[in-house]
Amino acid sequence: MSPIPIVEIQNVNHSFGSGRLRKQILFDISTTIQPGEVVIMTGPSGSGKTTLLTLIGALRATQDGSLKVLAQELRGASESKLVELRRNIGYIFQAHNLLNSLRAWQNVQMSLELHSDVSKQQSRAMAEEMLASVGLAEWVNQYPNELSGGQKQRVAIARALVSKPKLVLADEPTAALDKKSGRDVVEIMQRLAKQQGSAIVLVTHDNRILDVADRILHMEDGYLSSLDVAAL
Ligand SMILES: Nc1ncnc2c1ncn2[C@@H]1O[C@H](COP(=O)(O)OP(=O)(O)OP(=O)(O)O)[C@@H](O)[C@H]1O
């Protein structure tokens, strides 16, 4: 029996605006993402990548077609279902939104607070362990302002992964990083995804990291196609 897909998208269309200003951005998108898969989405600016990522992340309403995440249909789902689902998704977005008044470990611990089955003591230990696994064992007590861009991004990754989400969505996670930090960051994500059996969907313009992908999806003018990884 094949595993239950993490993401199942069928014939999704998406438009912004209404009336004469209505503009279709996504056209007939279909794809399936399996547990443990690292999927990279590339494509020119404005082609619709972030729109699709936010649809998958239950951050905007699915208008047309079917979009299932962790076997839950998002189209027509109630807000409470969507809130529940979002707890199972790790988000790593470009502006890492760390809270400057909190230490690194507290920023990571925050995302465990939604999980009522974890005690404060446990969640601190889990946060510190996750920071260690992204190479920040010595930095758990620092505030974001005391960290470099690459280190902040690693804190954001630790925060997204500490609750072991089944799905991780990352929008340009390496954009602000130098070559080595960018490489480190995606390799950490890849390793943790494989260990935890999570799926990762990563939007990037950064050609240097394409080799971490199991599959590359290319978006062009709102249409999605698969690129052959072996041919790259
Ligand atoms: N809230 C919105 N209202 C209206 N149009 C929008 C909205 N969000 C995005 N768009 C438009 O949808 C199109 C696709 O945008 P999207 O951000 O998905 O592209 P992208 O491929 O992620 O681009 P980039 O690589 O520059 O981030 C663009 O033409 C954009 O202007």
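Colleague: Which residues are around the ligand?

Modeller: This is a predicted model, in which local features need pLDDT of at least 70 and side-chain atom pairs count only at pLDDT 80 or more, while totals for chains, interfaces and linings use all residues. Residues are numbered from 1 along each chain as its sequence is written. The residues around the ligand are Phe16, Gly17, Ile25, Gly43, Ser45, Gly46, Ser47, Gly48, Lys49, Thr50 and Thr51.

Colleague: How many residues of each class does the shell around the ligand have?

Modeller: Ala, Val, Leu, Ile, Met, Phe, Trp, Tyr, Cys and Pro count as nonpolar, Asp, Glu, Lys and Arg as charged, and the others, Gly among them, as polar. By these classes the shell around the ligand has two nonpolar, one charged and eight polar residues.

Colleague: Which helix gives the largest share of the shell around the ligand?

Modeller: Helices are DSSP runs of H or I with at least four residues, strands are runs of E with at least two, and both are numbered from the N terminus. The largest share of the shell, three residues, comes from the helix of residues 49-56, which is α1.

Colleague: In which sense do β9 and β10 pair, and what is the bridge partner of Met219?

Modeller: Strand β9 (residues 215-220) pairs with β10 over five bridges in the antiparallel sense. The hairpin of β9 and β10 has two residues between the strands, and Asp221 takes a positive phi near 50° there. In β10, the bridge partner of Met219 is Leu224.

Colleague: What is the bridge partner of Met41 in β9?

Modeller: β3 and β9 run parallel and are joined by four bridges. In β9, the partner of Met41 is Leu217.

Colleague: At what angle do α5 and α6 pack?

Modeller: Axes are lines fitted to C-alpha atoms, for helices over the stretch in contact, and angles run from 0 to 180 degrees between N-to-C directions. The axes of α5 and helix α6 (residues 179-196) are 10 Å apart, and the packing angle is about 10°. Angles under 35 degrees count as roughly parallel, over 145 as roughly antiparallel, 65 to 115 as roughly perpendicular and the rest as oblique, so α5 is, relative to α6, roughly parallel.

Colleague: Which residues of α6 do those in α5 meet?

Modeller: Two residues are in contact if their C-beta atoms, placed from the backbone, lie within 7 Å. From α5 come Gly150, Gln153, Arg154, Ile157 and Leu161, and in α6 they meet Ser181, Val185, Ile188, Met189 and Leu192. The residues of this contact divide into three polar, one charged and six nonpolar.

Colleague: Which residues stand opposite Ile9?

Modeller: Four strands form an open antiparallel sheet in the order β2-β1-β4-β5. Strand β1 (residues 7-16) pairs with β2 over seven bridges, and β1 pairs with strand β4 (residues 64-69) over five bridges. Opposite Ile9 stand Thr31 in β2 and, in β4, Leu67.

Colleague: Which residue in the turn of the hairpin of β1 and β2 has a positive phi?

Modeller: The hairpin that β1 and β2 form has six residues between them. With a positive phi of about 80°, the residue in the turn is Gly17.

Terms used. A residue is near a molecule or strand if its C-beta atom, placed from the backbone, lies within 6 Å of it. Two strands pair if DSSP finds at least two bridges between them.
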